Amino acid sequence: MSQLEALIFDVDGTLADTERDGHLVAFNMAFKEAGLDWHWSAELYGDLLAVTGGKERIRYYLDDFYPSERGEKFSSPATQDEAFIEFVAGLHAAKTHFYKQLMAEGAVPLRSGVVRLFKEAREANMRLAIATTTTPGNVTALLTHTLGEDSIDWFEVIAAGDIVAAKKPAADIYHYAIEQMNLKPEQCLAFEDSHNGILSSKGADLKTVITINDYTKDHEFTGADLILSDFGEPDQPMSVLSGDCDDSYFSLSTARKIHQA
Ligand code: XBP
Ligand code: MG
């Protein structure tokens with residue numbers, strides 16, 4: 001059995017509740033600024049999360065939700081080909097701008113246990129990486145505004161967004177991160193929060209720990225090596241929802257036990 005060399009973290013939903021309090025808010029701000037009368041509710045957004053990637057999610061909304069909501073297909077300002085791609089890209093760029101602004105305002109804190117786990121991993125010289133479908137600038141904004149400017153350097157690889165052609169649930173982003181670190185899957189442990197996330201990490205043959213959130217608590221996590229409420233803290237124990245773990249909070253020692261199991 002290989003030794004555990006690296007922890008690879010998803011971002012949205014795993015490190016922070018960025019979907020509800022960050023991305024959703026930013027999408028709606030972008031729609032308003034563009035003069036569109038679209039408003040995604042928190043409930044609708046839960047359905048839209050079936051598709052990863054913000055540009056892909058806008059298209060999914062227009063294809064599968066807009067027509068049934070409005071009784072007709074979306075047909076303005078540009079519905080075809082290149083003009084439409086540009087329209088979606090423009091909306092998404094505005095959304096990214098608003099998202100970064102929200103992070104700068106401190107709108108989304110890191111989830112329970114995240115800072116403690118990063119700190120412990122760094123002190124033990126454990127290698128760290130990120131594998132996410134979100135835009136790279138969003139990762140920088142979340143990390144720097146919650147952990148400080150230097151925190152970007154804590155991660156050997158930040159694999160994000162369009163760096164690979166196929167986003168999660170495809171395994172490409174994890175393959176990319178592992179290759180960049182020159183490691184094998186059996187030397188790493190992945191952290192995810194969603195069904196699409198675990199499809200991606202398992203597709204790359206990675207042992208995977210899940211921390212659920214309100215959007216993903218009913219997702220299917222077949223193959224998960226451990227499912228937790230969150231990483232917990234010494235004075236704020238986590239709940240173990242599935243898997244073999246007696247610890248009351250997730251530490252590097254827990255990570256090593258799950259990796260070896
Ligand atoms: C995250 C995503 C992202 C964000 C939006 O999924 O699907 O698309 O919701 O970010 P995961 P962008 O946590 O599985 O990586 O708008 O920048 O794409
Ligand atoms: Mg996620």
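## Ligand 1 and its surroundings

An oxygen atom of ligand 1 lies 3.4 Å from an N or O atom in the side chain of Thr132, in what is a predicted model. The side chain of Thr134 also takes part, with one of its N or O atoms 2.7 Å from an oxygen atom of ligand 1, and a polar side-chain atom of Asp10 is placed 2.8 Å from an oxygen atom of this ligand. The protein buries 98% of the 450 Å² that ligand 1 exposes when taken alone.

There are 17 residues around ligand 1, and those that come nearest are Gly54, Arg57, His92, Lys95 and Thr135.

## The magnesium ion

Asp10, which makes the polar approach to ligand 1 described above, is also a donor to the magnesium ion (ligand 2), where Asp10 (OD), Asp12 (O) and Asp193 (OD) coordinate the metal at 2.1 to 2.2 Å. The spacing of these donor residues in sequence is D-x1-D-x180-D. Asp12 belongs to the loop between β1 (6–9) and α1 (18–33), whereas Asp193 belongs to the loop between β4 (188–192) and α9 (195–203), so the pair ties together parts that are 181 residues apart in sequence.

Are these two residues buried or exposed? Asp12 has a relative accessible area of 8% and is therefore buried, and Asp193, at 5% relative accessibility, counts as buried as well.

## Arg111 in its loop

Arg111 is located in the loop between α5 (81–104) and α6 (114–123), and because its relative accessibility is 13%, under the 20% cut-off, Arg111 counts as buried. Beyond its neighbours within four places in sequence, Arg111 is in contact with Gly13, Thr14, Leu15, Ala16 and Asp17, with Thr211, Ile212 and Asn213, and with Ser229 and Asp230.

Arg57, one of the residues that come nearest to ligand 1, is 54 residues from Arg111 in sequence, and the C-alpha atoms of Arg57 and Arg111 are 24 Å apart in space.

## Helix α6

Technical notes: Residues are numbered from 1 along each chain as its sequence is written. Chains are lettered from A and ligands numbered from 1 in the order in which they are written. This is a predicted model: local features need pLDDT of at least 70, side-chain atom pairs count only at pLDDT 80 or more; totals for chains, interfaces and linings use all residues. Side-chain values use heavy atoms; hydrogens and water are left out. Donors are N, O and S atoms within 2.8 Å of the metal (3.2 Å for Na, K and Ca); water is not among the atoms, so sites may look incomplete. Helices (H or I, at least four residues) and strands (E, at least two) are DSSP runs, numbered from the N terminus. Buried means under 20% relative accessible area, exposed over 50%, partly exposed in between (1.4 Å probe, protein chains only). Contact means heavy atoms within 4.5 Å. A residue is near a molecule or strand if one of its heavy atoms lies within 4 Å of it. A polar contact is a pair of N or O atoms within 3.5 Å; within protein, one must be able to donate a hydrogen and the other to accept it, and residues adjacent in sequence count only if both atoms are side-chain atoms. Accessible areas come from the Shrake-Rupley method with a 1.4 Å probe; for residues, only the protein chains shown count as cover.
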